[in-house]
Amino acid sequence: MSEQTKRILLVDDRAEFVAIMAERLRQRGYEVGMATDGPAALEAVRQQRFDGVVLDLVMPGMDGIETLTRIKELDPEARVIVLTGHASSQYVVQALALGAADFMVKPVDIDSLLARLVED
Amino acid sequence: MSHPLGDNQAREQAVFFGQVTASVTHEIKNHLALINEYNGLLADLLAAHARGRELDPERLAGLSAEVRKQVRQAGEIVGQLNRFAHSVDSESEEVDLGELAATFTALSARRALRRRMELKLDLPATAPSLVCQPFLLLLACHSLLEAVLEACPEGASLAIGLEGGEPRPRLVFHCGETDLAREGGPPPWLLENLNASLEKDASGGLALVLGPGRTGPAQV
């Protein structure tokens with residue numbers, strides 16, 4: 001792996017969605033971590049640093065807002081993009097206030113997502 | 001202007017409609033997101049092919065099958081949402097309780113999943129029917145489910161059964177070994193409107209005992 005390879009963590013309770021997005025990101029040269037719930041995402045962030053995190057909001061157990069809060073506690077510099085089916089402005093405001101870099105609504109164009117996630 | 005049902009009852013119904021719509025449209029978004037990703041992957045593979053990489057027909061067939069699956073699943077949930085939307089069409093009609101229970105289970109699956117619970121539906125070969133307003137019966141089921149979800153441990157299995165026949169069919173909610181208390185659930189005005197009662201089931205579940213059905217319009 002070259003030093004330039006960027007790492008992205010995908011967090012979504014839909015394993016199928018995580019798997020296919022991971023495949024597309026790998027084809028674009030990224031290293032990808034995958035988690036289908038909040039605790040697994042936190043464990044991944046403890047294990048290694050990610051250049052970007054794509055985080056779903058609505059998940060069973062620990063939801064995306066709590067997961068975001070705890071990711072930022074573990075790594076205040078983590079660049080987190082919230083990607084969800086929810087378009088509620090209440091969630092947007094809350095996520096941005098907690099330090100999310102941006103908020104995108106599914107379905108999303110993967111290259112637009114990448115532009116906001118790691119290629120600024 | 002005050003609502004003929006009273007503000008609280010009107011609000012309960014509006015909140016229910018909103019919760020179901022929000023949950024189901026979220027689910028539809030998830031299917032669209034997957035279709036979008038499968039389409040994106042197909043485009044990625046075609047772009048790679050244009051650069052000289054060989055296409056794998058089996059992979060393409062697999063992706064095509066996944067898209068079909070997502071479209072079918074999204075179509076089913078849209079169909080259930082449409083049935084739900086039409087449940088307010090008439091004040092009183094003959095309702096097939098098996099179909100209503102299936103619609104309710106499909107619409108509530110995501111809500112249960114958020115507590116890591118899977119809803120299982122157990123229907124008899126021939127389901128009884130009941131004359132009522134289907135929307136109010138769905139609301140009663142929803143109120144009961146909310147109480148059951150609150151009482152059950154996360155991850156428990158939750159079964160909805162349709163038992164008994166006319167004139168007093170029962171929709172029974174079971175949550176594994178949990179002995180459900182007769183707390184919460186449909187409010188008195190709703191039970192009265194449906195001519196229903198909430199009763200403990202001998203095996204620890206909670207039963208919404210229905211009917212006998214009204215022959216005239218529901219008192220809404």
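Biologist: What makes the crossing of helix 2 of chain B with helix 3 of chain B left-handed?

Modeller: A crossing is left-handed if the near helix is turned anticlockwise from the far one by less than a right angle, and right-handed if clockwise; helix 2 of chain B passes helix 3 of chain B in the left-handed way. This is a predicted model, in which local features need pLDDT of at least 70, side-chain atom pairs count only at pLDDT 80 or more, and totals for chains, interfaces and linings use all residues. Residues are numbered from 1 along each chain as its sequence is written, with chains lettered from A and ligands numbered from 1 in the order in which they are written.

Biologist: Which residues of helix 2 and helix 3 of chain B meet?

Modeller: B:Ile77, B:Gln80, B:Arg83 and B:Phe84 of helix 2 meet B:Thr103, B:Ala106 and B:Leu107 of helix 3; contact requires C-beta atoms, placed from the backbone, within 7 Å. These residues divide into four nonpolar, two polar and one charged, where Ala, Val, Leu, Ile, Met, Phe, Trp, Tyr, Cys and Pro count as nonpolar, Asp, Glu, Lys and Arg as charged, and the others, Gly among them, as polar.

Biologist: Why is B:Thr21 called partly exposed?

Modeller: B:Thr21 has 14 other C-beta atoms within 10 Å. A residue is buried at 20 or more and exposed at 12 or fewer, with partly exposed in between; B:Thr21 is therefore partly exposed. B:Thr21 lies in helix 1 (residues 7-50) of chain B, and its C-alpha atom is separated by 10 Å from that of B:Asn82, 61 residues apart along the chain.

Biologist: How many residues does each chain bring to the contact between chains A and B?

Modeller: Chain A gives 16 residues and chain B gives 16 residues.

Note on methods: Helix = DSSP H or I, 4+ residues; strand = E, 2+ residues; numbered from the N terminus. Contact = placed C-beta atoms within 7 Å.
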